[in-house]
Amino acid sequence: MRITELMIQQTMIMDLQAVTKEAAIDELIASLAASGRINDPVLFKEMILKREAESSTGIGGGIAMPHAKTRAVNEPTVVFAKSSKGVDFEALDGEPAYVFFMIAAPEGAGNTHLRTLAALSRLLIDADFISRLMETKTPEEVTALFDAKQAEEAAAKAEKEAAKQRKEAEKQSDKRLESESAIEAAPVPDETTSRGQGAFVVAVTACPTGIAHTFMAEDALKKKAQEMGVEIRVETNGSEGAQNVLTEEEIRRAAGVIIAADKQVEMARFNGKPVLQRPVSDGIRKSEELIRKAASGDAPIYRSEGGGTSGEQQGGHSGIGSKIYKDLMNGISHMLPFVVGGGILLAVSFLIEQLAGENHPLFQLLQTIGGGEGAFHFLIPVLAGFIALSIGDRPALMPGMVGGLMALNSNSGFLGGLAAGFLAGYVVILLRKWFAGLPKALDGLKPILLYPVVGLLITGTIMFYLFDPFFSWINLGLTDILNNLGTGNAVILGLILGGMMSIDMGGPFNKAAYAFAIGVFTSSGNTNGAMMAAVMAGGMVPPLAIALATTFFKRKFTEQERKSGVTNYVMGLSFITEGAIPFAAADPLRVLTSCILGSAVAGGLTQLWGINVPAPHGGIFVAALANHALLFLLAVIIGAALSGVLLGLWKRPVESK
């Protein structure tokens, strides 16, 4: 497939007007939407901004490649754009971007499309090609330039393959001659020595989306290695999965390993090798430095200790708060499917109980599947296990899950599970230090014997004698306080939890409020859904408020924003707070302030009216399960209307911007 089959002329922008990063993204998205290549501009922008939050796609050299893979895309497309003024795209080299490629890939993009996008990424490493691209004036010239370049690449590839086949044929011929002459040949030098440089390195490249940076880093490393006379093998972890997977023999032979990745990759295979772990952007910009260090073995020796994936990448140090949040979110994200699946089945069972009684077979079935003998039985062990896994890698998973099970059985509940996860993870880290001095002959016993046995013993002992009694006392006390809250205090708590859902719309504050509600929900035997009512109402308000504001205050929003606002009705009703993120990013002061106030009011009203929602997710689709379904909907409507009106009145008209 030719690149120009995805880079269609009708989407090209030969004179980009935007002067800011977000305005440039909006202009590129508008071109996609106008050509019908995407079906949900708001969702697409949300995914673009999510990728930008991980690391800028301004790759340097005047190029920016914002990209996303999402269901919002109808057809794989690349929007080409040029800017004469330049845009500060927060590029890795600090320079403005003049050439833009916005890549839109559908979730089910075929391998052919993904390979074509990878080919595009590799072309952008060629400085001469970019220079010629900057001189183009029309979409036709852009298309012709790409077609000619791709044909040139194909011809070079064919010639390289033919040369390889000729070399292989000559090699086979030489072997036959040696065999026929029966002359004992001198020892053949190994491959790395014959190359003159004596260096062979391996690398893995990966980025979160796996479309652009993965392959640009691959190409940059290969080109620089060729210039330096170093042999290299690069494995790519892109959208198609791992390609050119490194073999055991290649890893064994390599002088060093380069991991240029912004996501986790399989690391256990590199145990005992010098390994450089860097962001994928360093693979593009600092390829010479990485190859030089890897070739000389100038890198820390990686110790797997039975783990399967990499931990935090070097080259950027996050604070202790970020580390704790990452570990906590790893546990909660793995626990959520159990919460949602089991919780909604339990909620439906309560509805059946009201209609048919507790002896009805369907009630008993749903209680068994979703309740304490089914999904809900795994909540705290899974939470603890995956927190421990995030901290101590694979050896910490089992002690963490057992600690979580002990917390469940001892009534220390959600808080005890959190403690068990962090305890098990750091116990394994401590054991690694304790056992570091053991003879190397015992290295194989560490992950299969020492860590499981000693880690479980230490974690279980501390849980049994210290954490379980302590957190049981706290948990029972907290449950008692919540069950006996006066109306005034309950309303204040509802105001706080509801408002937190809008502070960062899916970030730490939002997750903290939701985690607290889950803790109360699970610790009270799934009967206290009061806090769940507050956070669900608070989380539904922001997207609904955006939808209302764009509907009734049309002058305050662009045509594109009004179209995008409609999708927020569905997202709000479904309890997907993140639908409001693009609007909050564009105007944080007005949007966030308005939404926080409305969410707080909605959360407070649920407590004032004594609303209980016995389901952890679902929005309007589980509202019928609430004890006061109409009042729950009224609380959401009041909060959304307040935020929507406040935003509509506060926001300036489009014409005056």
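1. A residue is called buried when its relative accessible area is under 20%, exposed when over 50%, and partly exposed in between, using a 1.4 Å probe and protein chains only. By this rule Asp128, at 48%, is partly exposed, and Arg132, at 33%, is partly exposed as well.

2. This is a predicted model, in which local features need pLDDT of at least 70 and side-chain atom pairs count only at pLDDT 80 or more, while totals for chains, interfaces and linings use all residues. Residues are numbered from 1 along each chain as its sequence is written, and side-chain values use heavy atoms, with hydrogens and water left out.

3. Arg132 and Asp128 meet in a salt bridge of 3.4 Å, N to O (a side-chain nitrogen of Lys or Arg within 4 Å of a carboxyl oxygen of Asp or Glu). Both lie in helix H4, residues 127-134, and are 4 residues apart, about one turn of the helix; helices are DSSP runs of H or I with at least four residues, numbered from the N terminus.

4. Lys45 forms a salt bridge with Asp26, with 2.9 Å between the closest N and O atoms. This pair links distant parts of the chain, Lys45 being in helix H2 and Asp26 in helix H1 (residues 21-34), 19 residues apart. Lys45 is buried at 9% relative accessible area, whereas Asp26 is partly exposed at 34%.

5. Helix H2 itself covers residues 41-54, and because 10 of its 14 residues are buried, helix H2 is largely enclosed by the rest of the structure. Among the buried residues of H2 are Val42, Leu43, Phe44 and Lys45.

Methods:
Helix = DSSP H or I, 4+ residues; strand = E, 2+ residues; numbered from the N terminus. Expected span 1.5 Å × (residues − 1).
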